[in-house]
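Thank you all for making the time this morning. I would like to walk through one structure with you, beginning with the chain as a whole and then moving on to its pocket, its cores and its charged pairs.

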Amino acid sequence: MPVIRLESLKKSFGATEVIKDIDLTMEDGEFTVFVGPSGCGKSTTLRMIAGLETVTDGKIWIGDNDVTHLEPKERGLAMVFQDYALYPHMDIARNMSFALRLARRPKSEIDEKVQRVSKMLNIDHLLHRKPAELSGGQRQRVAMGRALVRDTGTFLFDEPLSNLDAKLRAKMRTELAEMRDQLDKNMIYVTHDQIEAMTLGDKIVVMQDGIIQQAGSPEELFLSPRNKFVAGFIGSPSMNFIDATFGNNGTAPVAKGKDFEVVLAPEALGKTTPSEGAKITLGIRPTSFEPAPSDATSRMDATVVVSEYLGANSILVTHVGDSEMLVEHDSATPVRSGTKLPFTVPPSEVMVFDPKTGLRL
């Protein structure tokens, strides 16, 4: 399958620049997920790759071919949209085979591809029904099947699960992951849901304000975020941030603030150690908190505001000083609102960010 490259890609609507100088390579057979908040430019980027939006500046390469100004049908792509865009008067078999019939492919080839893909998606028993007779999940499978029967090198997905309820989205995520493993194709997927991104993507591209903040594997973005935005966006529940003052307790670097003093790992400070009294921002994931022994040198005193029961675990919404902190807690030990709990955080679990630039030290 071809490598896809975006070179200095820009997109403006009038005087408003929505995509700002993007450079990105999507490797052969890679499942790439664009993720970010609404309005960050992820769908616009996908539509430029598809040829549905014109490029203001820069180039799009598919393999050795510059496709920047080619029509969508000349790019060798297939796209699944957020709304299913099925033809209501056609049965499922005709919906899936529409592009092949338009291309005047032999009937035997059309029937073989429709049967093969419909079995893979578990909709082969629905081929004679109309879209109105199907559930939302079944319609989305049909939309995916319509793209898959085209047997192109690259598939584009524009938030295909956003119209489904939570349970069905989880099921469809699993089916998409299985489909990814069965197909040796390039897949580019757009979502605002970081759980979808983490579970599906070989490479995740995090965007904000038309700029790629970081691109890498799910593990890389979770363990080594480049900046505060990526750290806060990737992971569920999201990372906690708290402002602190840098200092030293005589044996180790520490971060201090109201109701806490946290020991820092030297490697968390980067190449340039902050000066004594410098302002820093700490990033701590809810899973990193541990009950603090009485002699703990690293300690946060948290006041529980709300305990959100999730089954095996609870999420405690707490206040540490003037900051809100989420803490993952064992549900076997219920906690009442107003309870004060001492926590410690292993130094290796604390990330340090520059409060002005948001970059990780």
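What percentage of the 361 residues in the protein chain do buried residues make up? Buried residues make up 47% of them, where buried means under 20% relative accessible area, exposed means over 50%, and partly exposed is anything in between, with a 1.4 Å probe and protein chains only.

Before going further, please keep in mind that this is a predicted model, in which local features need pLDDT of at least 70 and side-chain atom pairs count only at pLDDT 80 or more, while totals for chains, interfaces and linings use all residues. Residues are numbered from 1 along each chain as its sequence is written, and side-chain values use heavy atoms, with hydrogens and water left out.

Taken along the principal axes, the C-alpha atoms of the chain fill a box of roughly 80 × 45 × 35 Å. If we take the contacts in the chain with a separation of 6 or more, 65% of them are between residues 24 or more positions apart, a contact being heavy atoms within 4.5 Å.

Let me turn to the largest pocket, which has a volume of about 600 Å³. A pocket here is an open set of points on a 1 Å grid over the protein atoms alone, where a 1.4 Å probe fits, with protein on both sides within 12 Å along at least five of seven lines, and its lining residues have an atom within 4 Å of a point. Grid points are joined across faces, edges and corners, and the volume is the space filled by probe spheres set on the points. The lining has 21 residues, and L77, A78, M79, A99 and R150 lie nearest the centre of the pocket. The elements that give two or more residues to this lining are β6 (77–80), α2 (92–102) and α4 (136–148), and α2 gives the most, with four. By class, the lining has 17 nonpolar, no polar and four charged residues, where Ala, Val, Leu, Ile, Met, Phe, Trp, Tyr, Cys and Pro count as nonpolar, Asp, Glu, Lys and Arg as charged, and the others, Gly among them, as polar.

In the loop between β5 and β6 we find G76, which counts as partly exposed because its relative accessible area is 37%. Leaving aside neighbours within four places in sequence, G76 is in contact with T152, G153 and T154.

Which residues touch the most other members of the largest nonpolar core? Of its 43 residues, they are M96, M144, F157, L176, M179 and Y189, a nonpolar core being a set of buried Ala, Val, Leu, Ile, Met, Phe, Trp, Tyr and Cys residues joined through side-chain atoms within 4.5 Å. Helix α4 gives the most to this core, with five residues. Not counting residues up to four places away in sequence, M144 touches V80, L121, F157, P160, L161, M172 and L176. Apart from this core lies another, of 25 residues, among them M300, V304, L316 and V350.

My last topic is charge. Side chains of opposite charge can pair when their charged atoms come close. A search of the whole structure finds 10 salt bridges, each being a side-chain nitrogen of Lys or Arg within 4 Å of a carboxyl oxygen of Asp or Glu. E109 meets R105 in one of them, at 2.7 Å from N to O, and K113 forms another with E109, where the closest N and O atoms are 3.1 Å apart. K113 and E109 both lie in helix α3 (residues 107–120), four residues apart, about one turn of the helix. K113 counts as buried because its relative accessible area is 9%, whereas E109, at 23%, counts as partly exposed, and so does R105, at 33%. Elsewhere, D301 and R299 meet in a salt bridge at 3.0 Å, N to O, and K11, R47 and E53 are linked in a network of salt bridges.
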